[in-house]
Amino acid sequence: MPGESKDHGSGTAEKMSVRGVDVFFHEFQAVKSADLKVHPREVLALMGPSGCGKSTLLRCLNRMNDPIPGARVTGEVLLEGDDIYAPRVDPAKVRARVGMVSQAPNPFPKSIFDNIAFGPRIHGFYKDRAELARIVEESLQRTGLWDEVKDKLNQAGTSLSGGQQQRLCISRAIANRPDLVLMDEPTSALDPKASATIEELVRELAEDFCIVIVTHNMEQAQRVADRTAFLYLGEVVEVGETRQIFEAPQHGRTKEFLGGQFS
Amino acid sequence: MSEIDQTTGSLYTTQRFDRRMARRRRRQSRLKWISGSGIVLAVTALLVLLGSIAWLGWSGFQQVQVGLPMDFSSGELQPQEGKSPAAAVEDANFRALVSDAVTRVLGDPQDRQAERARDALLSTSAAREVGRKLLASPDWLGRGRVVVWVPAGDEVGQIVKGRAPRDVPASDRLLSDRQLAWIDRLQAEGLLRTAFNWDFFTRTASREPEIVGIKAAVVGSVLMLLTTFAVAIPLGVAAAIYLEEFAPKTRLMELVDLNIRNLAAVPSIVMGLLGLALFIRFAELPRSSILVGGLTLALMTLPIIIIAARAAIAAVPDSLRTAALQLGASKMQVTARVVLPNAMPGILTGTIIGLAQALGETAPLLMIGMVAFIPDTPAGLSDPAAPLPVQIYLWSTSPERAFMEKTAAAILVLLAIMVCLNALAVFLRNRLQKRW
Ligand SMILES: Nc1ncnc2c1ncn2[C@@H]1O[C@H](COP(=O)(O)OP(=O)(O)O)[C@@H](O)[C@H]1O
Ligand SMILES: [Mg+2]
């Protein structure tokens, strides 16, 4: 549980580390020399007021800023020691290794099965149909969606409820066996009950994956995150154990945010 | 504020507010009436159009035929050694046989003039028709007397179908009193009938309106449209994909975009000129050929397909592209697996409507010489052809009254094909969309 001291072992290498990353949209600088580390099997929350650059920073971690016209990223992002922005790196491969779940559920207008199978199919992760079916089942099991959809795998992914669609998108991301899963406010389009299910799921997934989750909701960060980073106006103001950030913030800005002076 | 009701203090209880509401309601109902009558007007115009063409054209699907009592047991047609039945039919003088048969019914013509007047009762193709029918049913040879039905002459057909007036002074009609009497005589003997005009679908262009058909024209149109399909769809969809998914948003691309939109509005006859210059003068492809016609129509359809496909591609939500990218798809995979399948219904609809338009096009085909009298059904892409709209145009300029109903009947066929194409577009769209 959050705050509970999980032994990351000070010697273990970080899963991902962000070093001096700047992001510009044309002239506008949305992220300013960000530094951040993601440890293995932890949930890291990116928290901050709306427009502070949380999503932009998150997109740096799987090169999803690249397709945005006018976006420019400088600095280093190391995935297990290798810079994902190095010249010869294929962004498609980075994105396969670093899965991502969007704010609003965006299943393909295809069957539930085809949604999950999309990644394995484009990467050729399976030998035969049976293995593909196994990957699909495991991915759905992992998010607890299997029991709800196992009899209607041929129905449209878009016919599910909002919360189910979001879990479908998470299943779709983990069907690629990623090293990291990025989530950008995954519950902001959902009702409280579905949100609670997703939060629980995030905790469970943390047993196998690193998760970086963006949230503007302080309670959510406290519920799901091992560590929390506070961003303000494009800068990473403060990073630490979630309990420490909430109980003993070091920075004035963090205190103001937690005190509800802005949001 | 003077608008506030002094007693209730509300904006909504003043007379002025009520008056304004009433005016708003009146305006709304007026708009409803205007737009409603627009629809009524359009539907009426369509019905009048269809009704008048159907009224002009229905008799084109009928053929008036004369029954000839004939006897094929005469010597020259009987099996002979060293002569095939086909050769015997080939050599037989059917003109004389037909003439004999008519004499048997209507009596001996007294002079040359009367003989010619009598011949005009039958289609000039009558003798050939008899030969053709005999080949098809050789058992007539030993049967003695059989009644062979052959097309009547075009004016006889018009009179019998009621298309040409009968009760007018002889100087105002093409048939003489004597000929009319013969028609009555044939009718009385049961040797005149009106049958379904199969010739209209199985035969080709001819000088004789009573036996013309649209087969060559339809085959020509279909082959030409297939050529257009094969060229315009891959090119158009590829161009649309490039412009929507890959092209950088530069000044040059804006210019290209503007030009494509303008190209879609270029009068089709100008496209015909372009086709003439490009395919006949420059590439030296055969004049009047189906290939050149199809390519010219492809030039015309290309901008329409590009615009429709671009609209369909642009309508695919970006969230789907993002989802595919997030899963590690390459740009190509995003396009092939997400964008195209989702844009397909729109692309197909636009494409089929573009092709339906190409099907009805005449002007550009005139420019590339596809306006000749062509009695042979085309067999390949380099054969000359007169496609259906051109055939309609040619018939509409023919002087014989009987061509009028053929023109209208051919228009009905063309409209039927168009309706089918459009129905196909709707079907495909629903079919592809309903899956999810
Ligand atoms: N595609 C873009 N083009 C230009 N500016 C952008 C774009 N995306 C985000 N921004 C700007 O970058 C800043 C950070 O945005 P974002 O990362 O979405 O904030 P958050 O997710 O914290 O709400 C905002 O000021 C926003 O206006
Ligand atoms: Mg955001």
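## Surface and charge

The accessible surface of chain A amounts to about 11,600 Å², with 46% of that area belonging to carbon and sulfur atoms (Shrake-Rupley method, 1.4 Å probe). This is a predicted model, in which local features need pLDDT of at least 70 and side-chain atom pairs count only at pLDDT 80 or more, while totals for chains, interfaces and linings use all residues. Residues are numbered from 1 along each chain as its sequence is written, chains are lettered from A, and side-chain values use heavy atoms, without hydrogens and water.

Chain A carries 32 positive and 37 negative charges, whose mean positions lie 4 Å apart. Lys and Arg count as positive and Asp and Glu as negative, leaving out His and the chain ends; each charge is placed at NZ of Lys, CZ of Arg, CG of Asp or CD of Glu.

## Overall fold

Chain A contains 10 helices and 10 strands (DSSP runs: H or I of at least four residues, E of at least two). Its radius of gyration is 18 Å, close to the 18 Å given by the globule rule for 263 residues, so chain A is as compact as a globular protein of that length (C-alpha atoms; 2.2 Å times the number of residues to the power 0.38).

Of the 263 residues in chain A, 54% are buried (under 20% relative accessible area, 1.4 Å probe, protein chains only).

## The four-stranded sheet

An open, antiparallel sheet of chain A has the strand order β2-β1-β4-β5 (pairing requires at least two DSSP bridges). Strands β2 (28-38) and β5 (82-83) of chain A stand at the edges with a single partner strand each, so one side of each lacks a neighbour in the sheet.

Within the sheet, β1 (residues 16-25) and β4 (residues 71-79) of chain A pair in the antiparallel sense over 8 bridges. A:Met16 stands opposite A:Leu79 in β4(A).

Note on methods
Buried < 20%, exposed > 50% of the residue type's maximum accessible area, 1.4 Å probe, protein only.
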